[in-house]
Amino acid sequence: MKLAKLLYKCENCGHETSKWQGKCLECDSWNSLSAVETITSPDAYGVNLLKPASYTHLSQAADEYGDQKAIRMGISEIDRILSGGLLKGSVTLLGGEPGIGKSTLLLQIAASAEKNTKVMYLSAEEAVSQVAMRAVRLNLTAADITLVHATTVTEIFACAREVSPDIMIIDSIQTVADPTLPAATGSVTQVRAVAELLVKFAKEKQTAVIMAGHVTKDGTLAGPKVLEHLVDTVISFEGDRHHELRILTVLKHRFGPAGEVAILAMTGEGLKEVADPSQIMLADRCIDTSGSMAVPVLEGQRCLLVELQALAVKTSMANPKRQVQGVATSRLGIVLGILEQRIGCTFSNRDVFVSVAGGLKVAEPALDLALSLCLVSAFYDIAIDNQLLACGEVGLGGEIRQVTGMDKRLIEAARMGFKRVIVPSTTSLDSIPASVSLDLEIIKVPTLRQAIKALSIK
Ligand code: TYD
Ligand code: MG
C-alpha cells in the first residue's frame, strides 16, 4: 500500500514543512515554498528486498577498475590539477562568474583531449553558430567534437545514446532543465535535479561529465551548494576580467589532492599556459613604495611569489574602513590586533586596505608576517627593501611560527633573484637538497618585533 503525502519544500534550502508559509523558517527566503507529493511506503524495506542492489567483491572491483587510466585533456596545467586527467564516469563542476572564460576553456579542452576520445559539447546557453564562431576564432575547427544545442535533459540523454561520448560537456548546468518538473530553469530544484540525473548517467555509462556553473557575485556557486556534494570534482575559475590572468583552483577532488592551482592567461587566441607564474605575478610590482612586499605562497604543491600591498590612511571617522582583496578580513583583524597590542602600532584612526596583486586568493597563515610588515611599512610610510621577502605565521603573542614547505619557498625566492628573506627562528634548512645553492641571506627571527627591526625602518 502506498501513501501519498503533500509537503511544502523550500526551493532555496530544501527545508520541508507540512503547512504552506510565505517565508521559509529555515533560510528566511520569501515565496520559496512549493508543494511536492511524497510517496511513503509502509513496507519500504520489504519491497526493496525483492530487488537487491548490484554488489561485487572489493578485489574483483579493484581488478576491474584499479588501473583505470585518466583521459588526458591536452592542456598540461589542467591535467596536472586533475591528477592526470579525467577519469571515466567522473563528474566535474567548473564554477566561475559569467564572462570569465568557462566556455572558452571547455571548448579548448574538448578540442585538445587525447586522441580517439569522443567528445560531445552540449551548449544550452549558446546556439551552435555561436560556438562554431568561437571555434573559428580559436582555430579549433579541425577538432573532433560533436556539437549539440539542447536545453532539456531528455534531449541530452537521447542525443548521448546516439553519440555515446567518452566526455560530455554541459555548458551550463543552470540553463538545462528537467521538463517533468514545474520549477523554472535555473532554480535550485531544477539545477539539483538535472545534476543528479547527469551524475547517474555518468556513473552508469562511464562517461566523464564536465559541467559549467555560474557563480554569484559573492563567489558561491549560484544556489546549488548542494551540487558540490553531488559531483566528484569542483574547480573554481577566477580572475579579474580586466586582466589576463585566470586562476583555476581545485576545491574538491575525489581522485587526488584538492587545493591544486593552475594559472592560465586569457589571450586573443584563447587561454594559454603561463610558463613562469611568479614572474607574471611580480611583473607590475610597485618598487620603492611603502606598504608593499613580495611573499612566497604555496598553492597546492607549487610555490608562487605574489605581491602584497597595504595602505593605512588617516581618517577621522569613528569606524575606520577595513577592505581586503585576496586576504581574509578576519586574518587582517587578528594581525591588526597583534600590531596594536604587541608592537604599539595603532590603526584605530586609519582606514586599512590590503590587496594581493594579480587576483590570487591566499588563505594560508604563512602570509601573516609579510602582512604585518606591509602594514608597519604603510603606517610609517617607509618602503621595504625590494630584494627582501618574509614568510611566517604570526601568533597572538607576537611570536613567529613555522610554516610548511619552507624549502620550496626559499628555492623559488632565490630563483626569482631575491637576496634576503625573513623566516621563523625555528626554520630548518635540512630538507633543501645539497645540490641547490641558495644565494639568499636567511634572517631567522623569533618575534614580530625582531622582524620589524630587520626591516630597519623603525
Ligand atoms: P566565455 O568563455 O564566453 O566566458 P563564460 O563562458 O565564463 O561566460 O569568455 C568570454 C570572455 O573571454 C569574453 O570577454 C571574451 C574573452 N575571450 C578572449 O579574450 N579571447 C578569446 O580567444 C576568447 C574566445 C574569448
Ligand atoms: Mg559561457
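1. Around ligand 1 there are 16 residues, of which Gly 99, Ser 103, Thr 104, Thr 267 and Gly 270 come nearest, a residue being near if one of its heavy atoms lies within 4 Å of the molecule. This is a predicted model, in which local features need pLDDT of at least 70 and side-chain atom pairs count only at pLDDT 80 or more, while totals for chains, interfaces and linings use all residues. Residues are numbered from 1 along each chain as its sequence is written, chains are lettered from A and ligands numbered from 1 in the order in which they are written, and side-chain values use heavy atoms, with hydrogens and water left out.

2. The largest share of the shell around ligand 1, three residues, comes from helix 4, helices being DSSP runs of H or I with at least four residues, numbered from the N terminus. By residue class the shell holds four nonpolar, seven polar and five charged residues; Ala, Val, Leu, Ile, Met, Phe, Trp, Tyr, Cys and Pro count as nonpolar, Asp, Glu, Lys and Arg as charged, and the others, Gly among them, as polar.

3. Elsewhere, Ile 338, Leu 339, Arg 342 and Ile 343 in helix 10 meet Leu 448, Arg 449 and Ile 452 in helix 13, with contact meaning heavy atoms within 4.5 Å. The residues of this contact divide into five nonpolar, no polar and two charged.

Key: Helices (H or I, at least four residues) and strands (E, at least two) are DSSP runs, numbered from the N terminus.
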